[in-house]
Amino acid sequence: FGIALLPNVPISSGTKKPAKDIKGQKMVFVVTAASKENGFIVPRRTMKYFQGLIQGLQILSFEWLQDSLKYSRLLREKAYSAKGDRVGSGVSLRYTSGSEELLIFKGITFHFHGKFTAPHEDLERLIKLGGGEVSGALGTRKSSQRQFLLFDPDERTLDAKVKEQIVRKGLCLVQVSWLFDSISQLSPVDVKASRKL
């Protein structure tokens with residue numbers, strides 16, 4: 001079986017070939033820090049969590065690994081499996097064992113503006129794992145693609161030139177939190193809830 005566990009090592013964005021366990025079942029997990037709230041496993045919203053979630057990998061709490069080591073065997077995952085996070089807790093997570101990607105950003109081209117708290121490479125990886133595209137220039141786009149300008153709320157400066165391009169090109173202006181919330185819900189969040197100029 002495969003477990004994504006190592007810190008600072010990106011989960012593969014290439015072809016995923018999950019290993020098989022003894023019974024021949026595909027098993028790929030992301031093991032992460034989580035808390036128990038009202039009887040549910042609620043994972044921390046980390047970059048590893050989002051990378052695993054958007055790839056359809058099962059999200060397990062560290063307790064699963066600790067208890068499996070304690071009993072010297074792999075325990076059933078159900079009791080340790082996350083059903084969502086604080087934003088996507090009502091969502092029925094689609095675990096695909098990494099065999100099917102969840103292309104929630106397909107048809108969207110993202111443009112980055114300003115500085116970001118999260119590493120730019122990690123945000124770009126999430127977008128691409130979700131089927132989206134990243135473009136450096138506001139002027140380039142595929143005619144069929146929706147265009148989103150992604151910014152960090154800590155970066156408060158949108159100069160007049162950028163604002164004019166946003167309006168003229170019909171860009172949707174969304175915060176980085178929109179990206180994370182969309183992954184949590186396994187569907188793009190309504191852009192009306194995003195920031196207006």
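Setting aside neighbours within four places in sequence, Val134 is in contact with Phe110, Phe112, Glu124 and Ile127; contact means heavy atoms within 4.5 Å. The model is predicted: local features need pLDDT of at least 70, side-chain atom pairs count only at pLDDT 80 or more, and totals for chains, interfaces and linings use all residues. Residues are numbered from 1 along each chain as its sequence is written, and side-chain values use heavy atoms, with hydrogens and water left out.

Val134 belongs to strand E7 (residues 133–135). Helices (H or I, at least four residues) and strands (E, at least two) are DSSP runs, numbered from the N terminus. Val134 counts as partly exposed because its relative accessibility is 26%. The cut-offs are under 20% relative accessible area for buried, over 50% for exposed, and partly exposed in between (1.4 Å probe, protein chains only). Val134 and Glu124 are ten residues apart along the chain, and 6.8 Å separates their C-alpha atoms.

Helix H3 (residues 120–129) packs on helix H5 (residues 176–185). Two packed helices are described by the angle between their axes and the distance between the axes. Here the angle is about 40° and the axes are 11 Å apart. Axes are lines fitted to C-alpha atoms, for helices over the stretch in contact, and angles run from 0 to 180 degrees between N-to-C directions. H3 and H5 are therefore oblique to each other. Angles under 35 degrees count as roughly parallel, over 145 as roughly antiparallel, 65 to 115 as roughly perpendicular, and the rest as oblique. From H3, Leu123, Leu126 and Ile127 meet Val176, Leu179, Phe180 and Ile183 of H5. By class, this contact has seven nonpolar, no polar and no charged residues. Ala, Val, Leu, Ile, Met, Phe, Trp, Tyr, Cys and Pro count as nonpolar, Asp, Glu, Lys and Arg as charged, and the others, Gly among them, as polar.

Within H3, the buried residues are Asp122, Leu123, Arg125, Leu126, Ile127 and Leu129. They pack against helix H1 (47–54), E6, E7, strand E8 (146–151) and H5. Gly131 follows H3, with a positive phi near 90°.

Val30 lies in strand E2 (residues 28–32). Val30 is buried, because its relative accessible area is 1%. Val30 and Gln58 are 28 residues apart in sequence, and their C-alpha atoms are 6.2 Å apart in space. Ser81 sits in the loop between helix H2 (62–70) and strand E6 (108–113). Ser81 has a relative accessible area of 4%, so it is buried.
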